[in-house]
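Visitor: I would like a close look at a single part of this protein. Please take me through it step by step.

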Amino acid sequence: MSKIAFHTLGCKVNSYETEAMWQIFKQAGYEKVSFEAVADVYLINTCTVTNTGDKKSRQTIRRAIRRNPDAVILVTGCYAQTSPDEVAAIPGVDIVVGTQGRDKLVEYVDQYRKQREPINAVGNIMKQREFEELDVPAFADRTRASLKIQEGCNNFCTFCIIPWAKGLSRSRKPESVLAQARQLVEAGYKEIVLTGIHTGGYGDDFEDYKLADLLWDLDRVEGLNRIRISSIEASQIDERVIEVLNQSDKMCRHLHIPLQAGNDEVLKRMRRKYTVAEFKETIERLQIAMPNLAITTDIIVGFPGETDEQFEEGYRYIEELGMYQFHVFPYSKRSGTPAARMEDQVPEEIKNERVQRLIELSKQSTHAYAKRFEGDVLDVIPERPYKEDPDSGLYMGYSDNYLQVVFPATEDMIGKVCRVKIDEAGPEYNKGTFVRIVEEVPRPASA
Ligand code: SF4
């Protein structure tokens, strides 16, 4: 039996795709081994989102080649897509596949083994109009299953390379999404996270079926308790999406809506599709439609030209929005993007100082939001023993509004929907008391 080892760099979508690629090799009779072991095939799923992503991808490829110079080295993913020649030029790389055509991976490996000729199968991603079906039937995380519904992005924000790596937005057919959702529910998953590169753009390439239609159809999937959207742009939250959020009791009270900057000048230079006033209005409408909604966001600080005044204005704006948590990133130059060529790059020490201030603000906001739920009873699905004190008998799980709740539980409660009373809100974890199990469900098998 041939042995294959995987290494994934970058985002959650890449992790999902690596899992899906493993399914393809598994069906062809391969055995999975650790990346540190001697394998017959090494598959490296690369990232290119920052310049560091490229560098790390190259280092990982070289590591695999050193481990077993006789192995077949297969490189796929975003860096392979944007720089196929650079990847193919690394001595020892045998097969380069981009972000499409992954259904042929086993064929490529067989072909390489017979002919010993390098294969470069990277096509023009911008011409790709069809969603590539890649399914994952089970996940290492036993409570929550990801379901990829969309690929690519049409936005071309000035700091982002993703449209060049993943191509334009394309959506998975509704029948296929629903069939996969039913399968996951049958496998025992209660919660599905809809993922994609630009998940809110689902349906933009269909005539008359949009994200809201898909959410309603998923709402009707029997046995499914929770539907979470991994991320959605403010500009894509329309009346119909708000209506589902308001009326479906399966939609989680948590949305990740990337803001990126709290100042219109900066947003404009980033080529984002909203103003701060529009973003705020969307948040307010959401908060009416879904009271106590937890909103998380991404913020880039130190974008080229961001002045102290613009940052301060953004800081105050973010503070007022009362969001749940922010993921703060210092702007990092990505070559090949318009922002990398912009003047007035912000010095690293200023970026770091701004990052620290926003991280502090995020902690305060998270705590303030959680405090609203002290004394309330929430539905929590325990996921794993509490890391900080694994022998305490405490388990950690998320509520539908994304509070991390720690409470006394047992191993067999993992994956079940539990009612938990929130006793004490904390900046990270919230302490709770178990009340009762809402529903007994079979636990999904591990991946
Ligand atoms: S919306 Fe902007 S940041 Fe997000 S993937 Fe598209 S181009 Fe990149």
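**The largest cavity**

Guide: Start with the class of each lining residue. The lining of the largest cavity has eight nonpolar, five polar and one charged residues. Keep in mind that this is a predicted model.

How was the space found? Rolling a probe the size of a water molecule over the atoms shows where empty space is left. A search of the whole structure finds one cavity of 30 Å³ or more. The volume of the largest cavity is about 70 Å³.

In total, 14 residues line the largest cavity. Nearest its centre lie A261, G262, E306, F311 and G314. Find these five in the structure and you have found the spot.

Two elements, β13 (294-301) and α12 (308-321), each supply at least two residues of the lining. Which of the elements gives the most to the lining? That is α12, with four residues.

For a second stop, turn to helix α5, residues 105-115. Here L105, V106, Y108, V109 and Y112 are buried. Seen down the axis of α5, these buried residues fall within an arc of 160 degrees, so they line one face of the helix. E107 and K114 sit on the other side of α5, and they are exposed.

What do the buried residues of α5 pack against? Their partners are α1 (12-27), β3 (41-46), β4 (72-77), β5 (95-96) and β6 (119-120). After α5 comes R116, which has a positive phi, near 55 degrees.

Conventions
Residues are numbered from 1 along each chain as its sequence is written. This is a predicted model: local features need pLDDT of at least 70, side-chain atom pairs count only at pLDDT 80 or more; totals for chains, interfaces and linings use all residues. Side-chain values use heavy atoms; hydrogens and water are left out. Buried means under 20% relative accessible area, exposed over 50%, partly exposed in between (1.4 Å probe, protein chains only). The arc is that of the directions from the helix axis to the C-beta atoms. Contact means heavy atoms within 4.5 Å. On a 1 Å grid over the protein atoms alone, a cavity is a set of points where a 1.4 Å probe fits but cannot get out, and a pocket is an open set with protein on both sides within 12 Å along at least five of seven lines; lining residues have an atom within 4 Å of a point. Grid points are joined across faces, edges and corners, and a volume is the space filled by probe spheres set on the points. Ala, Val, Leu, Ile, Met, Phe, Trp, Tyr, Cys and Pro count as nonpolar, Asp, Glu, Lys and Arg as charged, and the others, Gly among them, as polar.
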